[in-house]
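Thanks for coming, everyone; I would like to walk through one model this morning, going from strand pairing to ring contacts and then to a few backbone details. Please have a look at it first.

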Amino acid sequence: MASLNGSPASPAAVQALALTNYGHFTTMRVEDGGVRGLALHLDRLVSDCRAVFGAELDPEWVRECVRREAGGGRAGAFMVRVTVFDPELDLTAPDRAGRPGVLVTTRPAAGSADRPLPALRVQRLAFCRDAPSVKHVALFGQLRLRREARLAGFDDVLFTGPDGLVSEGCTWNAGFVDEAGAVVWPEAEVLPGTTMRLLRAADGGHVTAAMPDVRLRSMRAAFATSTGFGVRALASVDDIAFRTDDPAIGALRESYAAVPLDRL
């Protein structure tokens, strides 16, 4: 199912998005009609719309569009993606884009608070996202390297910058636990994910530090964060193995589960 500006999306509109691939989005996990960090998702859409289209986006209109597509008292958990794009965008004159629409799509959710997904084995590959602070729809580079990592026998990819420092995962933020039990986030240009932001707000003791290979090898645990799965342990990065049952990761899961749901 898909709706554009609160009405069924036409094939022509969806085709326009597929052919131009210019826009931005956010993905929310809806649980019994509520979303953790809803304000952060809406703020992201508003700020990214300014950056991508130079246009203002009404967050209340976005909520209404989401309600129309994902409302109806649906029980359980599912994912909602809100994509903002201009169906009339002309590839030869993208500077004229300025009437973005709100596309809402849904899909099943994976995992749950009481049934976390299996730990990931990831491979480090060099990659720098274009405009890393914007959650834009240009995912070719990221997915190409995810594919490369999976073909090499890993579950996913962990990006490093030109300096070799760890930054983020393909579609998730990465975090680590040092020997003292402190949560460490990589110091790098990354997408400020909502799950990461909620966890940091819940515990002011988290730190940010550059993550070269030598420091990575000193960490006792590692994890991924995403609105789709919350907190997911990393079993290994290349040949570096981590504790997947570390109590710090369990505490992070509990902290995230305790974040109240905001009603749509």
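Predicted model: local features only at pLDDT ≥ 70, side-chain atom pairs only at ≥ 80, totals over all residues.

Residues are numbered from 1 along each chain as its sequence is written, and side-chain values use heavy atoms, with hydrogens and water left out.

Strand β8, residues 156-160, pairs with strand β9, residues 166-169, in the antiparallel sense over 2 bridges; strands are DSSP runs of E of at least two residues, helices are runs of H or I of at least four, both numbered from the N terminus, and two strands pair if DSSP finds at least two bridges between them. The hairpin of β8 and β9 has 5 residues between the strands, and Gly164 there takes a positive phi near 85 degrees.

β8 also runs parallel to β7, with 5 bridges joining the two, and Gln123 stands opposite Val157 in β8. Together, β7, α4 and β8 make a right-handed β-α-β unit, right-handed meaning that, with the strands pointing away from the viewer, the path from the first strand over the helix to the second runs clockwise.

Why is β8 described as largely enclosed by the rest of the structure? Because 5 of the 5 residues of β8 are buried, where buried means under 20% relative accessible area, exposed means over 50%, and partly exposed is in between, using a 1.4 Å probe and protein chains only. Both faces are covered, with Asp156, Leu158 and Thr160 buried on one side and Val157 and Phe159 buried on the other.

Turning to the rings, a search of the whole structure finds 4 aromatic pairs; rings of Phe, Tyr and Trp (its six-membered ring) pair if their centres lie within 6.5 Å, and planes under 30 degrees apart count as stacked, over 60 as edge-to-face and the rest as tilted. One of these joins Tyr22 and Phe53, whose centres are 5.6 Å apart and whose planes are at 85 degrees, so the pair is edge-to-face. Tyr22 lies in the loop between α1 (11-20) and β3, and Phe53 in helix α2 (residues 38-53), so this pair ties together parts that are 31 residues apart in sequence. Tyr22 is partly exposed at 34% relative accessible area, whereas Phe53, at 7%, is buried.

The rings of Phe127 and Phe159 have centres 4.8 Å apart and planes at 50 degrees, so that pair is tilted. It links distant parts of the chain, with Phe127 in the loop between β7 and α4 and Phe159 in strand β8, 32 residues apart, and both Phe127 and Phe159 are buried.

There is also a charge over a ring, since Arg81 lies over the face of Phe25 at 3.8 Å from the ring centre, the criterion being NZ of Lys or CZ of Arg within 6 Å of the ring centre and within 35 degrees of the ring normal.

Finally, the backbone. Most residues other than glycine have a negative phi. Ala131, however, has a positive phi near 50 degrees; it is found in the loop between β7 (120-126) and α4 (140-151) and is partly exposed at 35% relative accessibility.
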